[in-house]
Amino acid sequence: MRFEGSQPDVPVEGEGRPTLRRGERALSTIHGEVARTDDITEVTIIKAPPTSSQTLRQVLALGPGYRRRRALLVPPMFVPENQRAPFPRFIGKVISADEQGSHIFRLTGRGADQDPKGVFSIDQLTGEVTVNRALDREDIAFYQLQVSTTDQAGKVLEGPVPLDVSLIDQNDNRPVFTETRYAGEVLEGSPAGTTVMTVTAWDADDPNTDNAALRYSLAKQSPDLPSPSMFYIDPEKGHVVTATSVGLLDREALPTTQYELEIVAKDMAGSDVGLTGTATATITIADKNDHAPKFTQSLFQATVRESWRGAVLTLTVEDRDEVGTGAWRAMFSILGGDSDRSFEVHTNPDNNHGMLSVVEPLDYESSAFHSLLIKVENEDPLVADVGYSPISTATVYVTVLDVNEGPVFFPDPMAVTRRENVPVGSTVAMLNATDPDLLQAQHIRFAVLNDPAGWLSVDPVTGMVNTTAILDRESPFVHDNTYRAVFTAVDDGSPPATGSGTLVITLEDENDNAPYIYPPVARVCEDAKDPNVLVLGGMDRDIDPNGAPFSIQLAKQPGLETTWNITSINSTHSQVTLLHRLQRASYLLPLQVTDSGAPPLSRSAQVTVQVCTCRRSRMDCSGADSAHSDLLVLGPALLTALAALSP
């Protein structure tokens with residue numbers, strides 16, 4: 001090894017012996033150069049001892065101001081990654097201040113006696129450090145080991161002193177993009193320099209060297225029309241921007257709405273020897289509403305029958321903006337000619353055309369022709385420099401065809417009020433129907449369409465409705481006091497047309513139903529202590545004032561009043577009381593019930609009272625004709641409740 005000093009004031013002998021003059025302070029860097037490596041060891045002397053003519057070994061060994069554990073000279077060492085065999089390879093030498101030469105060098109730490117073990121070794125006698133296999137800087141870039149010397153017995157003489165081993169990077173890693181495929185979009189008409197996206201790549205090599213200094217470029221643009229340079233990428237920042245004029249970036253004029261870029265990242269600051277990595281970027285030219293929709297023709301015509309509801313015409317439009325977007329979707333509005341709001345226009349989402357429909361039937365007699373002014377516009381507003389033109393409106397002529405319409409009843413339904421039981425042949429109503437075809441001289445004939453009870457007839461010419469049977473309010477065909485019948489009116493057009501109307505008859509009640517009583521059977525124990533036998537109720541099919549209150553009395557037969565007594569509880573119920581005990585038998589109790597009509601109606605009835613033998617809550621009526629089982633037995637509590645209902 002050959003040594004050189006950087007300061008002329010500190011001469012260095014061939015073996016590294018600097019000479020210092022007494023009392024002087026000097027700084028010097030000593031370079032050690034070994035023929036087997038390019039490494040340079042630097043030792044800086046920051047204070048000279050007050051003696052002279054000392055060798056470097058003597059200087060490092062001096063005390064009392066120095067501790068011997070610091071006497072080892074351990075220069076930093078450097079190892080290129082990816083070295084090839086043969087191994088081991090010399091990488092540096094540790095120098096000891098021990099002049100006796102009886103010391104033993106020892107190397108410890110990660111890479112020596114700790115995982116990964118055996119990467120580095122030191123010659124126990126000479127202090128030469130070697131690397132034993134190829135290393136990868138991207139795996140471990142720095143090793144810090146410890147060097148010490150011991151005597152033969154293992155006693156530490158010097159150290160431990162840190163030994164730093166750094167790996168020298170080689171350009172063995174290609175740039176890698178954070179994404180293999182990028183996607184972005186830019187609005188058509190954007191000015192040059194508009195940022196579309198930013199791509200990013202990284203390199204596993206040393207970031208402090210050119211091995212990881214990346215530069216970006218565009219290798220390919222597909223398609224390359226209308227210009228092969230539609231986009232530009234910042235070589236250092238990776239910003240992809242537009243590089244063409246506003247006029248060329250017209251989505252509707254471009255050969256495609258998507259461009260694919262091949263992006264390259266190269267290390268070594270983009271030099272020819274750099275390694276490369278690639279990624280793909282897809283750029284979509286987004287649409288903006290710079291084209292107004294327009295009708296394919298300025299005049300549309302349609303023919304529709306009167307009374308028709310539904311679609312009548314397709315309004316075709318075209319729009320050059322992107323299909324399916326708000327800049328393309330059409331909205332229609334009727335500007336004029338539809339004061340009655342008989343028309344509507346809806347957009348067909350499949351083809352963007354307008355569907356003109358009749359929502360309120362048209363009347364030929366009122367107007368045989370309609371002229372509509374319809375406008376089409378987009379969901380999204382147009383850009384500032386684009387407006388709607390005259391071709392965004394169209395005129396629609398709608399011709400109405402006359403159709404023979406059926407007669408119309410007025411009013412419908414027709415409501416009348418009549419008393420029940422009016423004589424057969426009585427007039428109920430006069431139907432009124434007119435033909436809407438005013439321009440045609442037509443005649444109308446009436447007929448019965450639905451008469452559930454068969455009570456009515458109609459004059460086919462005049463429309464007069466008469467009774468053919470007794471009107472009965474209590475009939476099952478009457479609901480809520482009303483009876484409904486349906487009639488038709490047919491004109492003599494070609495073909496004939498029919499209309500229908502409803503007649504609603506409200507029936508007023510007459511007292512034509514006598515009341516009746518319930519229940520028909522009662523049972524009582526022969527030894528009963530309670531003389532009350534049963535409670536009778538009255539019912540009537542008529543309504544107020546022809547129903548309750550009811551009068552329930554004993555029939556006019558001699559001797560009944562000595563055994564039975566009837567007392568009113570309320571307007572509908574009465575109490576039957578037994579005046580003395582009866583023997584076990586079946587007795588018929590004759591009664592008469594009368595309603596409150598004017599004049600009142602009465603009905604004779606009889607109740608069967610069975611006197612039975614009762615033991616332990618069991619009633620034996622076997623000898624008293626117990627065929628009837630719907631006995632109503634009422635206790636004192638229920639009798640009290642019924643009495644409370646009395647007005």
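Which strands make up the open sheet of four strands with mixed pairing, and in what order? The order is β21-β28-β27-β24. Before I go on, this is a predicted model, in which local features need pLDDT of at least 70 and side-chain atom pairs count only at pLDDT 80 or more, while totals for chains, interfaces and linings use all residues. Residues are numbered from 1 along each chain as its sequence is written, and side-chain values use heavy atoms, with hydrogens and water left out.

Two terms come up throughout. Strands are DSSP runs of E with at least two residues, numbered from the N terminus. Two strands pair if DSSP finds at least two bridges between them.

The pairing of β21 with β28 is parallel and runs over seven bridges. A302 stands opposite V398 in β28.

Now the aromatic residues. A pair of aromatic rings is described by the distance of the centres and the angle of the planes. Rings of Phe, Tyr and Trp (its six-membered ring) pair if their centres lie within 6.5 Å; planes under 30 degrees apart count as stacked, over 60 as edge-to-face and the rest as tilted. Searching the whole structure gives nine aromatic pairs. One of them is F369 with Y397, a tilted pair at 5.4 Å centre to centre and 45° between the planes. F369 belongs to strand β27 (residues 369-378) and Y397 to strand β28 (residues 393-401), so the pair ties together parts that are 28 residues apart in sequence.

How exposed are these two? Buried means under 20% relative accessible area, exposed over 50%, and partly exposed in between, with a 1.4 Å probe and protein chains only. F369 is partly exposed at 43%, and Y397 is partly exposed at 30%. Elsewhere, F177, Y182 and Y216 form one aromatic cluster.

There are also charges over rings, meaning NZ of Lys or CZ of Arg within 6 Å of the ring centre and within 35 degrees of the ring normal. The charged end of K375 sits over the ring of Y388, 5.1 Å from its centre. For R89, the ring is that of F87, and the distance to its centre is 5.9 Å.

Next, a second open sheet of four strands, with antiparallel pairing and the order β38-β40-β43-β42. At its edges are β38 (516-518) and β42 (564-568), each with a single partner strand, so one side of each is left without a neighbour in the sheet. Strands β40 (residues 532-539) and β43 (residues 573-578) pair in the antiparallel sense over five bridges. N532 stands opposite T577 in β43.

Last, the backbone. G159 and P160 are joined by a cis peptide bond with omega about 5°, and P160 is found in strand β10 (residues 156-168). The peptide bond from S222 to P223 is also cis, omega near -5°; P223 is in the loop between β15 (215-222) and β16 (231-233).

R341, not a glycine, has a positive phi of about 55°. R341 lies in the loop between β24 (330-336) and β25 (343-347), and counts as exposed at 68% relative accessibility.
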